Amino acid sequence: MTVLETTIAPVARLERPNLMHIPGPRTIPLVGKTISFGLDPYGTYFDQVARFGDVFRMTVFGETWAVLAGPDALEHVYLNRQNIFSAQNGLKAFAPIFSGGLLHRDDLDHRAHRRVMQAAFRAPALKNYLDLMNGEIARLLDAWPSGTKMKFAPSIKELTLRLGAHVFMGVTDANEVARINAAFVREVAATSALIRKPLPFTKMGRGVAARAALANDFRRLITARKATGGDDFFSQLCIAQDEDGQAWSDQDIVDHFNFLLVAAHDAVTGALTAMIWALAQDKALQDRVHAEIARLPGGPVCYDDLDKLDLTDRVYREALRRFTPSAFTARAVMADTEWRGHRLPRGTNVVICPGPVMMTPDIFPEPRRFDPDRYTPARAEDRRHKFAWSPFGGGAHKCIGLHFSAIQMKAFMVQFLQRYSVEMDAADLPKWRDIPTPVPTNGLPVTLRLRQVAPKTP
């Protein structure tokens, strides 16, 4: 086995071009649309599209962006056929937290590291992860209350964090789990920091310190896992190598796992919260999903039965459409180009908008209505454009863990609905914060009821 000889290319120093030739609103310099975007990002997007069309200029958080609206823009930027859109440079604001992660690499460097990582997502590894998840989910659900209101959003966040420590990292010591989870929470909080420099007593400063603490924990685990292996996700990353026998350096493992832990947690936690929000309001839909799960053999779901959960998967897809985890994402233009007749000089910060695309009425009629049947073959609204539904991105940077996330979701939903039905009072319907990731502002109060499970007929 050889160590992959790649290094992270430095973020390019790009001159900020003048974008006044791109249509956009008259706003206060530096402030721009920061307030309206922060309060209502989707509404701000659709208002600007109505005023200026599918390409417009917008200043947010002190940066001026060229916003490329619509599914054609997603296809153009994600597929990046001219190799001019840089994820690493476009996402440089997150570099203090996530540098070295797969999304923060470009071109040959990105492809080399993705090839190694694929070993950790092959079917035998996924089967092992499911076995580990099933046991831990059962243990954690035992502690959930029934017959009284609970706030689902923080509860599922805690469950997935503990699942991450136990299953993804193989860490079982309670004190170590608590320390890792606390650092993880500070790191995630830094992604929404208004002050992007890691100054003392700021979110970003606490996030960078948390990353350093997590890196120390990861390094302590690497030597042992490389020697002994294991079925947990972290062990698979430690021993992963491509078809040429190349593996990662210790720093690579730290960088990749740091980003993957956050990416997997945000997508699954947000989707499960949205799914429970929908099922708690729609008893008929909840009964349909429960009936699908009840047709499986009792107990935790087996790997070979995952594909039998078609309706559950459609509810998941609709949750990701309605409350996508990354509604807006950024790239930097590395060579002069144009889009739809508008010049995009080198150095332009470009924003593409998968979240608003999935809320566009011309693609998804009545977009605010939660409707899993959009994805049935008879309707197939998600196939009206190649990038109509793209919560996991696309092209070379399409999320490598999307199948893993779906497995984690199904593992939870099977055991959850085998045990509980879920209810929500109309007065507790939440408002949602859309960015940086969708969160119900009231924590989503729900009541769980233990199901009366009829014995199976011999």
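Tutor: Helix H12 passes helix H16 in a right-handed crossing. This is a predicted model, in which local features need pLDDT of at least 70 and side-chain atom pairs count only at pLDDT 80 or more, while totals for chains, interfaces and linings use all residues. Residues are numbered from 1 along each chain as its sequence is written, and side-chain values use heavy atoms, leaving out hydrogens and water.

Student: Why are H12 and H16 called oblique to each other?

Tutor: H12 (residues 250–281) and H16 (residues 402–419) pack at about 40°, with their axes 10 Å apart. Axes are lines fitted to C-alpha atoms over the stretch in contact, and angles run from 0 to 180 degrees between N-to-C directions. Under 35 degrees is roughly parallel, over 145 roughly antiparallel, 65 to 115 roughly perpendicular, and the rest oblique. The H12–H16 pair is therefore oblique.

Student: How do you know what counts as a helix or a strand?

Tutor: Both are DSSP runs, numbered from the N terminus: helices (H or I) need at least four residues, strands (E) at least two.

Student: What makes Arg 340 and Asp 72 a salt bridge?

Tutor: The test is a side-chain nitrogen of Lys or Arg within 4 Å of a carboxyl oxygen of Asp or Glu. The closest N and O atoms of Arg 340 and Asp 72 are 2.7 Å apart, so the pair passes. Arg 340 sits in the loop between strands S8 (337–339) and S9 (342–344), and Asp 72 in helix H3 (residues 71–79), 268 residues apart. The whole structure has 31 salt bridges.

Student: Are Arg 105 and Asp 109 buried or exposed?

Tutor: Buried means under 20% relative accessible area, exposed over 50%, and partly exposed in between (1.4 Å probe, protein chains only). Arg 105 has 1%, so it is buried. Asp 109 has 14%, so it is buried too. These side chains form a salt bridge, with N and O 3.0 Å apart.

Student: Which class do Glu 381 and Arg 379 fall into?

Tutor: Glu 381 is buried at 3%, whereas Arg 379 is partly exposed at 34%. Their salt bridge spans 2.8 Å, N to O. Shared partners join Glu 318, Arg 321, Glu 366, Arg 369, Asp 371, Arg 374, Arg 379 and Glu 381 into one network.

Student: What makes Ile 28, Val 31, Ile 35 and Leu 39 a nonpolar patch?

Tutor: Patch residues have over 30% relative accessible area and no salt bridge; nonpolar side chains (Val, Leu, Ile, Met, Phe, Trp, Tyr) are joined within 5 Å, like charges within 9 Å. Ile 28 has 58%, so it clears the area cut-off and is exposed. Ile 28 lies in the loop between strand S1 (2–3) and helix H1 (34–39). Together the four have about 440 Å² of accessible area, by the Shrake-Rupley method with a 1.4 Å probe; for residues, only the protein chains shown count as cover.

Student: Why is Lys 386 called exposed?

Tutor: Lys 386 has 59%, so it passes the exposed cut-off. Its place is the loop between helix H15 (354–357) and H16.

Conventions: A crossing is left-handed if the near helix is turned anticlockwise from the far one by less than a right angle, and right-handed if clockwise.
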